[in-house]
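Subject: Structure for your review

Dear colleague,

Please find the structure below, together with its sequence. My notes on what was found in it follow directly after.

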Amino acid sequence: FRVLAKSSACAVEAAAANDRPWWGTQFHPERWDDGRPAGRVILRRFLELAGIPPAAQARAQEASSSSA
């Protein structure tokens with residue numbers, strides 16, 4: 001794995017496999033709000049990469065929005 005993102009608070013915030021289409025993040029994009037709007041984009045792109053159909057993406061976003 002290679003580190004894609006890090007900070008002073010977390011040594012590995014995002015990683016990717018060198019030999020497979022695997023990605024991981026130490027971030028909670030499902031908790032987006034007005035102060036952290038990028039979470040919605042990150043979650044949507046992750047679901048696209050995972051091959052999740054748009055209808056399932058919409059349900060996941062609705063569930064996240066109602067639990068925030």
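The largest pocket of this predicted model holds about 250 Å³ of space. Its lining is made up of Leu 4, Ala 14, Ala 15, Trp 23, Gly 24, Thr 25, Phe 27, Pro 29, Ile 42, Leu 43, Phe 46 and Leu 49. Three elements, β2 (14-16), β3 (23-25) and α1 (38-49), each give two or more residues to that lining. The greatest contribution comes from α1, with four residues. Sorted by class, the lining has ten nonpolar and two polar residues, and no charged ones.

As for the overall fold, the secondary structure comprises two helices and three strands. Read from the N terminus, the order of elements is β-β-β-α-α. Along the principal axes, the C-alpha atoms fill a box of roughly 35 × 30 × 15 Å. The protein has 68 residues, of which 19% count as buried. Among contacts with a separation of 6 or more, 12% are accounted for by residues 24 or more positions apart.

The three strands form an open sheet in the order β1-β2-β3, and the pairing is antiparallel. At its edges are β1 (2-5) and β3, each of which pairs on one side only. On average, neighbouring strands of the sheet are turned by 25° against each other, direction ignored. Between β1 and β2, which run antiparallel, there are three bridges. Within this part of the sheet, Val 3 stands opposite Ala 15 in β2, and Ala 15 is also one of the residues that line the largest pocket.

Pro 29, another of the lining residues of the largest pocket, is located in the loop between β3 and α1. Is Pro 29 buried or exposed? Its relative accessible area is 8%, and since the cut-off for burial is under 20%, Pro 29 therefore counts as buried. Apart from neighbours within four places in sequence, Pro 29 is in contact with Gly 39, Arg 40, Ile 42 and Leu 43. Of these contacts, Leu 43 lies 14 residues from Pro 29 along the chain, and the C-alpha atoms of the two are separated by 5.5 Å.

Pro 37 and Cys 10 are 27 residues apart along the chain, and 21 Å separates their C-alpha atoms.

Glu 13 is found in the loop between β1 and β2. What is the exposure of Glu 13? Glu 13 has a relative accessible area of 25% and is partly exposed, because this value falls between the limits of 20% and 50%. Leaving out neighbours within four places in sequence, Glu 13 is in contact with Ala 5, Lys 6, Ser 7, Gly 24, Thr 25 and Gln 26. Gly 24 is eleven residues from Glu 13 in sequence, at a C-alpha to C-alpha distance of 8.1 Å.

With kind regards

Methods: Residues are numbered from 1 along each chain as its sequence is written. This is a predicted model: local features need pLDDT of at least 70, side-chain atom pairs count only at pLDDT 80 or more; totals for chains, interfaces and linings use all residues. Side-chain values use heavy atoms; hydrogens and water are left out. On a 1 Å grid over the protein atoms alone, a cavity is a set of points where a 1.4 Å probe fits but cannot get out, and a pocket is an open set with protein on both sides within 12 Å along at least five of seven lines; lining residues have an atom within 4 Å of a point. Grid points are joined across faces, edges and corners, and a volume is the space filled by probe spheres set on the points. Ala, Val, Leu, Ile, Met, Phe, Trp, Tyr, Cys and Pro count as nonpolar, Asp, Glu, Lys and Arg as charged, and the others, Gly among them, as polar. Two strands pair if DSSP finds at least two bridges between them. Axes are lines fitted to C-alpha atoms, for helices over the stretch in contact, and angles run from 0 to 180 degrees between N-to-C directions. Buried means under 20% relative accessible area, exposed over 50%, partly exposed in between (1.4 Å probe, protein chains only). Contact means heavy atoms within 4.5 Å.
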